[in-house]
Amino acid sequence: MSIISSAGGLTPASLETIVWLVVAIAILFAFLRFIIRLYALRKLLEDDVAIIVALLLLLSLAIMYRYATPIMFELNDVAKGKEELTPDFISRAEVFLKLQFAIIVLFWTTIWVVKISFLIFYRTLFVGLPEHMIGWWVASGFTALAYLLSWAFQLGSCVPISHYFILGACETPRDIHYSNANLYVATAGDVASDLMSKSSDPQQGIELMISVKEKFALGAIFSVGVIKITFAIIRVVKIGASSQHVNPIWLALWSMIEASVAVVVACLPSFKVLFAHGRRQSEMRHAVTLKRFRPRRSHTDDQDLV
């Protein structure tokens, strides 16, 4: 078996460790989300179903990278001249290309399923607010369009598309340009759809229904969406290229980090239920306190009121 070296200090073992670590963190937050929902609402909601789907897609990504990682590092060694290009390697590399195509599709689908969970959550807040629902439909339409656009660029990254699965068949300047353009266009659609979803801030529609403390807590929860946008930008900056194909090793690292962060961020708004649940309990305690310490009127007072 070939000795696989590192890529920029990243080894197969360290890459797998990071991948499964971020996936484990995403699973933990999803588990906490479901516990909170079941505790506060006694049931899971539609956006929870979207999170379950995103989590399954994330696990599928991690499993696929488990099989793709050794080939990626071997490909890196061949590109650096550390290993010879053999027929056996070409066969393994073409298996990797098939995995890579599926991984890219799974990655963007994971990101967009997370967006769907947010859109479903926002919709529940916009009930009875028609002006916000208009913005919700616009954001939903743009999100769907951005996803289709990323698919179009992916399918057009190598012509004909069957060449995508043949080692060295997509090395023309045109193919490299479209392949890298897909990264930038899909990321731009990702960030733009997130910003559009945030443009109709749900807090505006419920600001009269919660206290100042709850507004601050809820605002902090929704602001963490900036974290997802930040990681999307970091990903494209770290792995972006212009004259050559993106390094698949760094693509794997930052794709798994971004997808896991997206799932974590999507789980955070569920903590808003705790604030609402705590508010109801506080109101009940306040009502009981008022009733307990309210002075009773005497019989004489009642007569004076007649």
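User: Why is C267 called buried?
Analyst: C267 has a relative accessibility of 0%, and buried means under 20% relative accessible area (exposed is over 50%, partly exposed in between, with a 1.4 Å probe and protein chains only), so C267 counts as buried. Bear in mind that this is a predicted model, where local features need pLDDT of at least 70, side-chain atom pairs count only at pLDDT 80 or more, and totals for chains, interfaces and linings use all residues. Residues are numbered from 1 along each chain as its sequence is written, and side-chain values use heavy atoms, leaving out hydrogens and water.

User: What makes C158 and C170 a disulfide?
Analyst: Their sulfur atoms sit 1.6 Å apart, and a disulfide is a pair of cysteine sulfur atoms within 2.5 Å, so C158 and C170 qualify. The structure holds one disulfide. Both cysteines lie in the loop between α4 (130-155) and α5 (173-199), 12 residues apart.

User: Which hand does the link of C158 and C170 have?
Analyst: Left-handed, with -80° about the S-S bond.

User: How do you know whether C158 and C170 are buried or exposed?
Analyst: Go by relative accessible area again: C158 comes in at 1%, so C158 is buried. C170 has 11%, so C170 counts as buried too.

Key. Helix = DSSP H or I, 4+ residues; strand = E, 2+ residues; numbered from the N terminus.
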